[in-house]
Amino acid sequence: MRFLTSSALAASLSIMTLSVSGQATAQGMPPEQIKQILDVTKANWVVFRDWEGQQLIYFTHLESWKCGIDFVFYGLNDGQLDQMWELDECDPDNPNAVLKDKPYIELPAGSTRSISVQLVYPDGSKSSVETFQYKP
């Protein structure tokens with residue numbers, strides 16, 4: 001199975017948007033389209049990685065679609081969604097750029113079995129809660 005990187009997916013979806021709508025706004029895609037893309041790509045919202053004795057959980061995919069997200073809440077190990085991932089500001093001239101030095105959280109190795117994530121969109125609606133299991 002082949003997976004696209006966030007930037008390749010963004011480019012592909014931008015091309016598809018142009019061919020469907022005929023034009024894109026200067027700010028990128030409308031938030032409603034980003035919401036639909038995030039729903040289709042929810043399996044990629046976060047990614048686990050073991051690195052040098054730590055467990056990293058990447059939010060890169062969500063960072064690349066930040067212009068269509070107001071808030072990202074998460075909880076670890078079946079806990080409440082009591083933590084918030086701080087998204088970078090949306091840059092309308094480069095909406096899919098991920099410029100954050102650390103687009104991930106750092107945790108002790110083996111400390112996290114799962115992460116649950118919920119998005120809040122600019123229109124105030126919320127995504128379903130998606131749970132991602134750590135699979136070493």
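Reply: Let us begin with the disulfides. A disulfide is a covalent bond between the sulfur atoms of two cysteines. Here the term is applied to a pair of cysteine sulfur atoms within 2.5 Å, and by this rule the count comes to 1 disulfide. Please keep in mind that this is a predicted model, in which local features need pLDDT of at least 70 and side-chain atom pairs count only at pLDDT 80 or more, whereas totals for chains, interfaces and linings use all residues. Residues are numbered from 1 along each chain as its sequence is written, and side-chain values use heavy atoms, with hydrogens and water left out.

Me: Which cysteines form the disulfide, and how far apart are their sulfur atoms?

Reply: The bond joins cysteine 67 to cysteine 90, with the sulfur atoms 1.9 Å apart. Cysteine 67 sits in the loop between α3 and β3, and cysteine 90 in the loop between β4 and β5 (104-108), so the pair ties together parts that are 23 residues apart in sequence. The torsion about the S-S bond is about 95°, so this disulfide is right-handed.

Me: How many helices and strands does the protein chain have?

Reply: Helices (H or I, at least four residues) and strands (E, at least two) are DSSP runs, numbered from the N terminus. On that basis the protein chain has 3 helices and 7 strands, and along the sequence they follow the pattern α-α-β-β-α-β-β-β-β-β.

Me: Which residues of helix α2 are buried, and where do they lie around the helix?

Reply: An α-helix has 3.6 residues a turn, so residues three or four places apart point the same way. In helix α2 (residues 31-40) the buried residues are Ile34, Ile37 and Leu38. Seen down the axis of α2, these buried residues fall within an arc of 100° (taken from the directions from the helix axis to the C-beta atoms), so they line one face of the helix.

Me: What is the order of the strands in the open sheet?

Reply: Two strands pair if DSSP finds at least two bridges between them. The open sheet of 4 strands has the order β4-β3-β6-β7, with antiparallel pairing. Its edge strands are β4 (83-85) and β7 (130-133), each of which pairs on one side only.

Me: How many bridges join the paired strands, and which residues stand opposite each other?

Reply: Strand β3 (residues 71-76) pairs with β4 over 3 bridges, and valine 72 has tryptophan 85 in β4 as its bridge partner. Between β3 and β6 there are 6 bridges, with phenylalanine 73 opposite glutamine 118 in β6. Between β6 and β7 there are 4 bridges, and serine 114 stands opposite glutamine 133 in β7. β3 and β4 also form a hairpin with 6 residues between them, and asparagine 77 in the turn has a positive phi of about 50°.

Me: How many residues of strand β6 are buried, and which way do they point?

Reply: Strand β6 (residues 114-120) is mostly covered, with 7 of its 7 residues buried. Ser114, Ser116, Gln118 and Val120 point one way, whereas Ile115, Val117 and Leu119 point the other way.

Me: What is glutamine 55 in contact with, and which backbone nitrogen lies 2.9 Å from a polar atom of its side chain?

Reply: Contact means heavy atoms within 4.5 Å. Glutamine 55, found in strand β2 (residues 54-58), counts as buried because its relative accessible area is 0%. Leaving aside neighbours within four places in sequence, glutamine 55 is in contact with residues including Phe48, Arg49, Pro108 and Tyr134. The backbone nitrogen of threonine 112 lies 2.9 Å from a polar atom of the glutamine 55 side chain.

Me: Where does glutamate 63 lie, and is this residue buried or exposed?

Reply: Glutamate 63 lies in helix α3 (residues 60-64) and is buried, with a relative accessible area of 1%. Apart from neighbours within four places in sequence, the contacts of glutamate 63 include Trp85, Asp88 and Lys100.

Definitions and conventions:
Buried means under 20% relative accessible area, exposed over 50%, partly exposed in between (1.4 Å probe, protein chains only). A polar contact is a pair of N or O atoms within 3.5 Å; within protein, one must be able to donate a hydrogen and the other to accept it, and residues adjacent in sequence count only if both atoms are side-chain atoms.
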